[in-house]
There are 2 protein chains.
Amino acid sequence: MTDHSPQSGFCCTDHSGAAHTAAILAQAETRARESGVRLTPVRRRTLEILLEAHGALGAYEVLERLSAEGYGTQPPVAYRALNFLVENGFAHRIQRLNAFTACVHPARDHRAAFLICDRCNSVTEGCADSFSQAMIEAASAVGFQLERSTIEAVGLCSACAGKPA
Amino acid sequence: MTDHSPQSGFCCTDHSGAAHTAAILAQAETRARESGVRLTPVRRRTLEILLEAHGALGAYEVLERLSAEGYGTQPPVAYRALNFLVENGFAHRIQRLNAFTACVHPARDHRAAFLICDRCNSVTEGCADSFSQAMIEAASAVGFQLERSTIEAVGLCSACAGKPA
DNA sequence: CTATCTAACGTTATATCATAACAGTCAACA
DNA sequence: TGTTGACTGTTATGATATAACGTTAGATAG
């Protein structure tokens, strides 16, 4: 496992690979137990599917995989599992893509920001705690009680930036 | 017109009212002329509709108004006008709401951030230039070429925060 | 051990958001 | 004045998301 630096910025490590997937899944299970929520088979499998994916997945892509494995075949099955994961901090919704991605550090309470590659749609999760703090202050200066922020950046990932076009 | 402070934060002024609407519309027309794009009747009217709205409007809400006034009745009419406005900096898309809102300072090139009220859905546009700069730097540290960011915060606006529940 | 309760699951049906593709219109201008 | 290209409008369809309801299964009180 890699160092996830403390306050701000994006982490530069590869989050793919079976070992990492397993580790995150284990963290998620621990956290679910601790907070008294149930990581049921569909939910767990949905999280695995997100972890195995390269980028973010749309709800219907998740549904396809779930139904192929004998789970329900209709949209609510996927949406419910995905919403559960998001609400409990195991996954994030990427608004720009209408898609979902596994949280890379579900064990820690954090504010996330995302780098989305315009070309390959890869999604990198970063820690936006310092940004969020600044936002909370700027908002409260105008009397706005900020609860949560969505920070999504679009551009070229290092892999795609290297390629011609 | 009020002072739109330079680098960061949300502005505390009321952006509604016919006078302000007219001023922004005038700025938009100037800018359109300068940049050689055409602010046609549908596009102009669409911008007015956004300016007159209290919060952000969905494309179908805009379409409703447009078609009631003799413009086209089908979704592409609204989406084309809205996309034109967004691409040219006259409006913004609010991802979280699948909705659109007029830009409150179309004359200036800027990075926007939004405060979205959970209760009344009002949208306040703020200037995120300093956040964006910090993001660009954090992103480039991991080799990501950032092009644009979406920053949307959800919480309670000052009006709603005062009310009971 | 069984009755009961509730969270989760699965389904049908439908709502909501968005765009592809193509035909007609009109102003700019060679 | 004919051609071009941007704009508008239409039909049709695709993509995303949720409401509502019956069923299942795990927890728990009796």
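User: Which residues in the largest nonpolar core touch the most other members?

Analyst: Start with the general idea. In soluble globular proteins, nonpolar side chains tend to be buried together. This model is predicted, and its largest nonpolar core has 90 residues. Those that touch the most other members are Ala91, Phe100 and Phe114 of chain A, along with Ala91(B), Phe100(B) and Phe114(B). Leaving aside neighbours within four places in sequence, the contacts of Phe100(B) include Leu50(B), Leu57(B), Leu82(B) and Ala91(B).

User: How do I read a helix such as H5(A), and which of its residues are buried?

Analyst: An α-helix has 3.6 residues a turn, so residues three or four places apart point the same way. H5(A) runs over residues 129–140 and spans 16 Å from its first C-alpha to its last, close to the expected 16 Å. Its buried residues are Phe131(A), Ser132(A), Met135(A), Ala138(A) and Ala139(A). Seen down the helix axis, the buried residues of H5(A) fall within an arc of 125°, so they line one face.

User: How many residues of chain A are in contact with chain B?

Analyst: On chain A, 34 residues are in contact with 34 residues of chain B. Strand S6(A) gives the most to that side of chain A, with 12 residues. By class, the side has 18 nonpolar, 11 polar and 5 charged residues.

User: Which residues come nearest to DNA strand C?

Analyst: Of the 20 residues around DNA strand C, the nearest are Thr40(A), Gly72(A), Gln74(A), Pro76(A) and Pro75(B). Helix H4(A) gives the most to this surface, with 4 residues.

Methods:
Residues are numbered from 1 along each chain as its sequence is written. Chains are lettered from A and ligands numbered from 1 in the order in which they are written. This is a predicted model: local features need pLDDT of at least 70, side-chain atom pairs count only at pLDDT 80 or more; totals for chains, interfaces and linings use all residues. A residue is near a molecule or strand if its C-beta atom, placed from the backbone, lies within 6 Å of it. Helices (H or I, at least four residues) and strands (E, at least two) are DSSP runs, numbered from the N terminus. The expected span of a helix is 1.5 Å times one less than its number of residues. A residue is buried if 20 or more other C-beta atoms lie within 10 Å of its own, exposed if 12 or fewer, and partly exposed in between; C-beta atoms are placed from the backbone. The arc is that of the directions from the helix axis to the C-beta atoms. A nonpolar core is a set of buried Ala, Val, Leu, Ile, Met, Phe, Trp, Tyr and Cys residues joined through C-beta atoms within 7 Å. Two residues are in contact if their C-beta atoms, placed from the backbone, lie within 7 Å. Ala, Val, Leu, Ile, Met, Phe, Trp, Tyr, Cys and Pro count as nonpolar, Asp, Glu, Lys and Arg as charged, and the others, Gly among them, as polar.
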